[in-house]
Amino acid sequence: MCYAIPGKLVEIKKSIGIVDYFGEKKNVLIDYSNVKIGDYVYAQGGVLVSVISEREALEILETWKELFFELKRTDEKLARIETIPASKNLLSILQKVNLNKALKREELHSLLALSGKNDLRLMYETANNIRQKTHGNACCVHGILEFSNVCESNCFYCGIRKEKTLQRYRMSIKEIIDTARYAVKELGFKALVLQSGEDNWYTIEKLEKIVRAVRKLGILVFLSIGLRDKPTYKRLYEAGARAALLRFETSNANTFKTLRPGTTLEERLEIIRYIKDLGFVLATGFIAGLPGETSEDVINNILLAKSLKPEMYSFGPFIPAQGTPLENQSLLHKDAMLKIIALSRLTDKDSNILVTTAFETLDAKAKREGLLAGANSLMINITPKKYRDFYSIYDKRINIDLQKNVKETIALLHSLGRAPTDLGI
Ligand code: 5AD
Ligand code: SF4
């Protein structure tokens with residue numbers, strides 16, 4: 001409803017379509033039979049997910065018409081860079097960015113080391129300005145359904161790791177489909193992330209059933225089911241899933257081996273690359289602030305994310321979870337996360353960058369500040385209330401009532417001039 005605008009399909013070139021949103025064009029993957037030029041469609045994450053009747057589309061567009069242009073003006077205003085005194089070194093790096101030149105490692109290090117108030121402000125404003133110039137005011141809002149907190153892995157950082165004593169839940173196939181239907185039919189979501197621990201109780205067959213039913217709701221099915229084997233991802237693509245979130249967690253192979261016992265970074269990267277090769281819209285990234293992390297690790301994390309050519313970057317701060325080997329580690333400062341968002345935007349203009357729930361937990365203003373530092377995508381937790389507290393990957397996760405979250409998110413997007421058009425590919 002409020003966070004997805006239909007567009008008109010104006011051109012088709014093989015499997016790529018061009019969708020027009022009030023004159024603004026986005027490329028989308030056409031993955032839908034019987035679609036033709038002139039149809040009104042919904043796209044999410046760069047994938048065309050459903051076609052609606054002209055009458056319905058025109059009705060919705062009528063309500064958006066004025067607001068759409070008003071939002072654009074607000075965004076353009078907020079994305080202007082103010083002239084403030086800043087360090088020479090920063091100005092010369094930002095000039096390079098504006099000239100589309102790749103930044104050197106030392107330059108990334110000096111951006112990461114910035115601490116002056118004005119310098120930070122200028123870096124965030126520049127990242128936001130680039131976001132606006134590259135993507136316009138489009139912002140995707142995806143729902144996330146955490147359907148099982150059972151996990152066969154034992155990641156040191158995670159509060160639902162196998163060895164943790166915890167009340168476990170698994171949603172039945174029916175419950176998952178019913179929850180997804182409610183989110184789509186009653187709340188208007190057009191993309192749902194189906195997330196769980198690494199839980200093989202959900203066999204390929206069960207997952208296929210879920211994916212097919214959720215896809216039938218006319219939305220983008222986004223998987224986040226951890227490290228599963230290649231046949232699982234392949235069959236779920238065939239069943240209709242079109243996006244997958246799998247973070248590499250850290251680019252430091254030693255840290256990876258220590259914190260994710262029994263698995264290696266290489267093996268994870270192979271699955272991430274395979275997911276991309278299958279044609280999934282790929283979301284990947286890392287946890288920021290893991291114990292022992294150096295600034296070299298942070299830069300490597302950003303560069304590794306870029307090299308995987310994801311359609312979406314997902315990174316959140318490490319937040320300790322009680323009852324895990326890392327329970328006493330310290331929290332990251334908010335600026336460390338904002339810098340990572342801004343740096344990722346400055347190194348990869350085309351990226352779509354998510355503000356994660358972990359960041360929202362770290363700081364109440366994360367959504368707003370993240371969106372103003374280069375991010376352009378959000379997620380809303382749609383997990384049923386009775387399960388939500390048990391998906392405790394870290395402590396004190398924000399737990400906002402779904403209706404309230406939807407309302408507040410829409411209000412925030414309006415105040416920032418962001419429109420729920422598709423991000424395109
Ligand atoms: N803090 C922040 N993020 C975490 N994750 C797991 N544990 C934590 C934690 N303590 C992230 C991992 C995983 C995703 C589902 O949650 O990056 O991929
Ligand atoms: Fe399981 Fe993922 Fe947590 Fe690791 S991070 S223990 S794989 S849920």
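Two residues are in contact if their C-beta atoms, placed from the backbone, lie within 7 Å. With that in hand, look at the protein chain: among contacts between residues at least 6 apart in sequence, 75% join residues at least 24 apart.

Before going on, a word about what you're looking at. This is a predicted model, where local features need pLDDT of at least 70, side-chain atom pairs count only at pLDDT 80 or more, and totals for chains, interfaces and linings use all residues. Residues are numbered from 1 along each chain as its sequence is written, while chains are lettered from A and ligands numbered from 1 in the order in which they are written.

Let's start with the overall build. The protein chain has 15 helices and 15 strands; helices (H or I, at least four residues) and strands (E, at least two) are DSSP runs, numbered from the N terminus. Its radius of gyration is 21 Å, close to the 22 Å that the globule rule gives for 425 residues, so the chain is as compact as a globular protein of that length. (That radius is taken over C-alpha atoms, and the rule is 2.2 Å times the number of residues to the power 0.38.) Along the principal axes, the C-alpha atoms fill a box of roughly 55 × 55 × 40 Å.

Now for the domains, whose bounds come from an automatic or database domain assignment. You get domain 1 (7-78), domain 2 (88-133) and domain 3 (136-416). The centres of domain 1 and domain 3, taken over C-alpha atoms, are 26 Å apart. Where these two meet, domain 1 puts in 13 residues and domain 3 puts in 15 residues. On the domain 1 side, β4 (40-44), β5 (47-52) and α1 (54-78) each give two or more residues, and α1 has the largest share with 4 residues.

What about the inside? A residue is buried if 20 or more other C-beta atoms lie within 10 Å of its own, exposed if 12 or fewer, and partly exposed in between, with C-beta atoms placed from the backbone. Buried residues make up 46% of the 425 residues here. In soluble globular proteins, nonpolar side chains tend to be buried together. Leaving aside neighbours within four places in sequence, L192 is in contact with residues including H142, V221 and F222.

C139 sits in the loop between α4 (117-135) and β6 (140-148), and counts as buried because it has 28 C-beta neighbours inside 10 Å. N376 is 237 residues from C139 in sequence, yet their C-alpha atoms are 5.1 Å apart. L265, in helix α9 (residues 265-278), has 19 C-beta neighbours inside 10 Å, so L265 counts as partly exposed.

Finally, the ligands. A residue is near a molecule if its C-beta atom, placed from the backbone, lies within 6 Å of it. The shell around ligand 1 includes Y157, C158, R247 and I393, and divides into 9 nonpolar, 1 polar and 2 charged residues. (Ala, Val, Leu, Ile, Met, Phe, Trp, Tyr, Cys and Pro count as nonpolar, Asp, Glu, Lys and Arg as charged, and the others, Gly among them, as polar.) Ligand 2 has C151, C155, C158 and I393 among its surrounding residues, and its shell has 5 nonpolar, 3 polar and 2 charged residues.
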